[in-house]
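Please look over the sequence and the structure shown here, and then read the report that follows.

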Amino acid sequence: MMKNLEELTLNRSPEGQTYWEGLLNEKLLLQRCTNCHKLRHYPRPMCDACHSLDYDWVASSCRGSIYTWSVSHHPFHPAFQDQIPYVMITAQLEEPVRLLAPLVKHQQEEKLYIGRTLTVAFLKISDTLCTPYFILDKD
Amino acid sequence: MNDFFLKNKGCVSGIGETKYEKSTDRSTLALTLEASLAAVRDAGLSPHEIDGVIPYGAGGIVAEDFITNFGIQDLRYSAQTPMGGASPVAALQSATMAVATGVARHVLIALGRGATSGRITNRLAQMPQMRVASEFEMPLGTNAPAQFYAHMARRHMEKYGTTSKQFAEVAITCRENATKNENAMMRKPMTVEDHQNSRMIADPFRLYDCCLESSGAAAVVVSSADRAKDLRKKPVFLSGLAEGHPMSPSTITQRPNMVELGLAKAAPIALRMADLSLNDIDVAEIYDCFTYIVICQLEDLGFCKKGEGGDFVSSGNIKKNGTIPINTHGGLLSEAHIAGMNHIVELVRQLRGECGERQLRDVETGLVTGYGDLGDGSIAVMST
């Protein structure tokens with residue numbers, strides 16, 4: 001599984017590198033335009049509002065709510081073969097961006113609905129890879 | 001030059017297909033050339049007369065392959081329209097631009113899938129348009145179209161009450177049509193029960209919500225309207241053409257409106273260009289990689305309001321005798337997944353009256369849509 005997963009992490013952009021390093025430190029970093037202060041995600045070079053190429057990073061509150069979700073039953077990729085079935089949530093964060101991440105293993109049977117609140121947590125997989133996942137608040 | 005300059009400047013003059021099947025040991029190039037040659041001959045042209053080529057952006061086939069194999073002496077135009085399943089219909093617009101401006105006379109658009117095409121997750125990860133999803137979403141466990149699009153479908157269901165049984169209506173309709181198509185891969189009739197009993201792939205998508213994986217190729221020739229009238233077959237006019245891209249095109253996750261596709265922008269432009277309303281459209285070949293994507297496009301085209309697509313399909317509107325028959329060949333769901341090039345071929349056949357047992361009556365105008373790359377859309381309105 002690890003080998004297959006590492007193959008999926010080879011396409012890192014210069015902007016993305018800081019984001020992935022932030023996850024290793026258990027921080028969900030969002031880009032902020034230093035000119036107009038608009039937050040953006042996923043990481044990229046330019047602000048789409050004022051076209052500034054300058055940005056810094058702010059840590060997300062890691063709080064949000066369900067926007068939509070899916071449950072994967074078919075093992076499309078060998079890296080996730082031993083995980084199926086697994087819930088993947090698109091969450092609206094308190095900040096005006098969304099995050100796609102899996103739901104924690106022990107909550108797979110929980111009732112899912114738009115607006116259900118959740119928190120982002122971090123799973124360290126190796127020295128170079130830490131991925132975000134969600135934990136639902138009590139219903 | 002006005003906004004609708006392209007109206008009726010180009011025609012589809014030739015169409016070609018290979019046999020569609022589950023797998024093959026033939027190369028993508030061999031299949032693509034076979035379909036291309038059929039399309040060129042259908043138009044009554046010689047391969048040497050092709051002076052423009054638009055190969056599929058993700059198929060590994062390039063314009064050079066046509067110069068080499070067709071022996072084209074002077075290829076004057078080549079392009080790609082890398083929009084996944086929206087590519088073939090978007091290529092109709094690009095080809096029309098070339099023939100309308102005199103850059104080329106006869107532009108070949110070709111698409112094939114053969115033994116060399118590889119598995120879906122690898123194909124996807126290697127597409128430049130998937131770079132963002134590949135960096136930030138694939139390492140988390142979302143790797144295939146079914147998984148990406150499931151998030152849009154679930155949002156639509158929760159927001160508007162759309163149901164899996166309504167998805168089934170799309171799959172059943174395509175299957176019914178495929179039973180009358182000898183080149184369709186799936187010809188055994190399907191019931192709602194069959195659909196509901198099919199295994200879950202990426203909830204809410206069951207197996208029968210997902211298109212086929214196929215081998216085969218299809219191609220069309222676009223000629224300038226004044227040249228097409230002297231060719232072998234009745235010209236089919238390209239009356240309205242447009243492509244449309246959603247906001248946040250590289251990732252569905254960040255899209256402001258997740259239940260609307262690029263087609264919502266393109267459709268009104270193409271219809272205005274053709275100077276037609278939806279009431280004038282006799283048949284619609286709708287890109288159907290997943291059942292939900294058909295429902296969303298019917299809304300984005302304006303056949304019903306946003307959120308009413310589920311009821312629209314379950315009220316019989318899309319059947320052969322409904323208000324707007326769709327996917328008369330069986331679509332990607334039941335004929336074959338030739339990335340929508342087969343939808344273009346089918347629309348031209350319906351407009352020519354060449355569909356045999358599945359021919360609809362009195363077809364004068366029709367539309368074909370393309371959809372791909374997480375949200376891009378394309379549309380062509382055709383008429384005779």
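## Pairing between the chains

In strand 5 of chain B, B:Ala202 is the bridge partner of A:Ser72, strands being DSSP runs (E, at least two residues) and helices likewise (H or I, at least four), numbered from the N terminus. Strand 4 of chain A and strand 5 (residues 200–203) of chain B run antiparallel and are joined by two bridges, and two strands pair if DSSP finds at least two bridges between them.

This is a predicted model, in which local features need pLDDT of at least 70 and side-chain atom pairs count only at pLDDT 80 or more, whereas totals for chains, interfaces and linings use all residues. Residues are numbered from 1 along each chain as its sequence is written, while chains are lettered from A and ligands numbered from 1 in the order in which they are written.

## The contact surface

The contact takes 30 residues from chain A and 28 residues from chain B, two residues being in contact if their C-beta atoms, placed from the backbone, lie within 7 Å. The largest share of the side of chain A that touches chain B, five residues, comes from strand 4 of chain A.

## Helix 1 of chain B

Eleven of the 15 residues of helix 1 of chain B are buried, so this helix is largely enclosed by the rest of the structure; a residue is buried if 20 or more other C-beta atoms, placed from the backbone, lie within 10 Å of its own, exposed if 12 or fewer, and partly exposed in between. The buried residues of this helix pack against strand 1 (10–17), helix 2 (63–70), strand 4 (106–113) and strand 7 (216–224) of chain B. Just after helix 1 of chain B, B:Gly44 takes a positive phi of about 80 degrees.
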